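Me: I've got a model open and I'd like to talk through its helices and charged pairs. Can we go one question at a time?

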Amino acid sequence: MTRSELIAETAITLLAEVGMRGLTHRAVDEAAGLPPGSTSNLARTRAALLELTLTRLTILEREVFEAFMDAQDDPITLIAVALQKQLQDSRRTLARFELALEATRRPELRRIYDRTGVQFRDPAVALVAALGSPDPVRHGRQLIAYAEGVMFDALAGAGEIPSFENLRQGIEELLRGMLSTDTRAGSRTDPDKADREAAGPTPQA
């Protein structure tokens, strides 16, 4: 691990453990076991330190999702596994929550946060498009919003960490309701099929 990576990783841990106010150049030096001034030599301003931290965090989270998205499995399982991984490593997720809130007060950080977020939104849009979404941009954002809500509720809200089966079931229900898609079979469902079957054969003239 390079010194830059060590500093960024330490900053992520500090954000998760003590929050934004506890993230200082001196605190990073002490927690990382580096000589005083090491962090400020690499990232001279607080804005530079936050940018370094967010960049490293994005790389780590992208590696998690890319590892699962490359696997040959159904999309529901892939999303559930990736989401479970994020919940298990709460350090990264809590740090990102801290950075997201700080970005609302720092325009320069907001620009970076939005730019890195595209790396996660675009795959979500591509996934729902492949499932037959008539509006993949909107549905992709809804999928991201659902995943973010689950993580916030479990790690920062009043909820608890859901089981893998609960994660999978929730994602399946979301996609089926959002896309009217039989996600298990991977084909479009006919919303009138059940009514026709219940009514029986169509009378012949």
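Me: What should the 14 residues of helix 6 span at 1.5 Å a residue, and how far apart are its end C-alpha atoms?
Reply: Quick background: this is a predicted model, where local features need pLDDT of at least 70 and side-chain atom pairs count only at pLDDT 80 or more, while totals for chains, interfaces and linings use all residues. Residues are numbered from 1 along each chain as its sequence is written, and side-chain values use heavy atoms, with hydrogens and water left out. Helices (DSSP runs of H or I, at least four residues) and strands (E, at least two) are numbered from the N terminus, and the expected span is 1.5 Å times one less than the number of residues. For helix 6 that gives 20 Å, in agreement with an end-to-end C-alpha distance of 20 Å.

Me: At roughly what angle do the axes of helix 6 and helix 8 cross?
Reply: Two packed helices are described by the angle between their axes and the distance between the axes. Here the axes are lines fitted to C-alpha atoms over the stretch in contact, with angles from 0 to 180 degrees between N-to-C directions. Helix 6 and helix 8 (residues 136–155) come within 11 Å, and the crossing angle is roughly 105°. Angles under 35 degrees count as roughly parallel, over 145 as roughly antiparallel, 65 to 115 as roughly perpendicular and the rest as oblique, so this pair is roughly perpendicular.

Me: How do the residues of the contact of helix 6 with helix 8 divide into nonpolar, polar and charged?
Reply: Contact means heavy atoms within 4.5 Å, and by that rule Ser90, Thr93, Leu94, Arg96 and Phe97 of helix 6 meet Glu148, Met151, Phe152 and Leu155 of helix 8. For the classes, Ala, Val, Leu, Ile, Met, Phe, Trp, Tyr, Cys and Pro count as nonpolar, Asp, Glu, Lys and Arg as charged, and the others, Gly among them, as polar. The tally is five nonpolar, two polar and two charged.

Me: Which residues does glutamate 148 touch, not counting those up to four places away in sequence?
Reply: Glutamate 148 lies in helix 8 and is partly exposed, because its relative accessibility is 28%. Leucine 83 is 65 residues away in sequence and 9.2 Å away in space, C-alpha to C-alpha. The residues that glutamate 148 touches are Arg96 and Phe97.

Me: Which residue's side chain meets that of arginine 91 in a salt bridge?
Reply: A salt bridge is a side-chain nitrogen of Lys or Arg within 4 Å of a carboxyl oxygen of Asp or Glu, and this one has an N to O distance of 3.0 Å. It links distant parts of the chain, from helix 6 (residues 90–103) to helix 1 (residues 3–18), 82 residues apart. Arginine 91 is partly exposed because its relative accessible area is 24%.

Me: Which residues are linked with Glu9 and Arg91 in a network of salt bridges?
Reply: A search of the whole structure turns up 14 salt bridges. The network joins Glu9 and Arg91 with Glu5 and Arg56.

Definitions and conventions:
Buried < 20%, exposed > 50% of the residue type's maximum accessible area, 1.4 Å probe, protein only.
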